Amino acid sequence: MSVDTPRRIVLLRHAKADWPQVSDHDRPLAERGRADAPVAGRWLAGAGLAPDLALCSSAARTRETWKLAVQELPQRPKTVYEERMYEASLGELIALVNETPDDVADLLLVGHNPGMHALADALAGDAEGDVLARMNRSGFPTCAVAVLTINGSWKSVEHGVGRLVSFWAPHS
């Protein structure tokens with residue numbers, strides 16, 4: 001694949017989590033989260049999004065979200081459970097994207113806020129219609145999905161290089 005090939009990055013925030021007396025990293029999904037995650041997967045499939053690679057935070061709620069969402073996709077992408085995505089800063093998330101192999105056309109990240117919202121906002125140098133305003137107005141709720149297109153290699157991804165083409169949330 002050429003580095004000039006248009007690429008897509010899909011950002012999925014974990015579904016609604018519960019608050020039992022466990023460490024933050026080990027928090028499971030709440031009942032609503034277990035219902036929303038497959039809906040997000042169906043939205044991804046309906047939008048024709050078939051990632052080549054999924055990077056998923058190692059936290060329980062992100063792993064559970066991805067496990068439920070990916071079942072709705074026509075084919076399961078290679079999935080890497082990435083410890084560095086848990087509590088990652090914007091700079092750390094961009095660094096992870098920069099490490100993506102050039103043969104990956106579509107990358108999906110399953111992570112947390114404020115990181116997912118910050119990454120979508122930072123990469124979106126441009127947006128279709130009112131998509132950016134809708135995303136920022138919503139605050140990137142649980143189980144929300146942002147889709148950006150990017151031209152160039154993953155190594156060249158930085159602030160403002162993307163175009164926000166879709167934003168979806170289950171309860172908006």
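Which residue in β4 does R13 stand opposite? In this predicted model, with residues numbered from 1 along each chain as its sequence is written, local features need pLDDT of at least 70, side-chain atom pairs count only at pLDDT 80 or more, and totals for chains, interfaces and linings use all residues. Side-chain values use heavy atoms, with hydrogens and water left out.

R13 turns out to face G111 of β4. With strand β4 (residues 106-111), β1 pairs in the parallel sense over 6 bridges; pairing takes at least two DSSP bridges between two strands. With strand β6 (residues 145-150), β1 pairs in the antiparallel sense, again over 6 bridges. Here L12 sits opposite V145.

Now for the helices. The axes of α3 (residues 90-98) and α4 (residues 115-123) come within 9 Å and cross at roughly 70°, the axes being lines fitted to C-alpha atoms over the stretch in contact, with angles from 0 to 180 degrees between N-to-C directions. The two helices are therefore roughly perpendicular to each other, a label for angles of 65 to 115 degrees. On the α3 side, L90, L93 and I94 make the contact (heavy atoms within 4.5 Å), while α4 brings G115, M116, A118, L119 and A122. These contact residues divide into 7 nonpolar, 1 polar and no charged, with Ala, Leu, Ile and Met among those counted as nonpolar, Gly as polar, and Asp, Glu, Lys and Arg as charged.

Notes: Helices (H or I, at least four residues) and strands (E, at least two) are DSSP runs, numbered from the N terminus. Angles under 35 degrees count as roughly parallel, over 145 as roughly antiparallel, 65 to 115 as roughly perpendicular and the rest as oblique.
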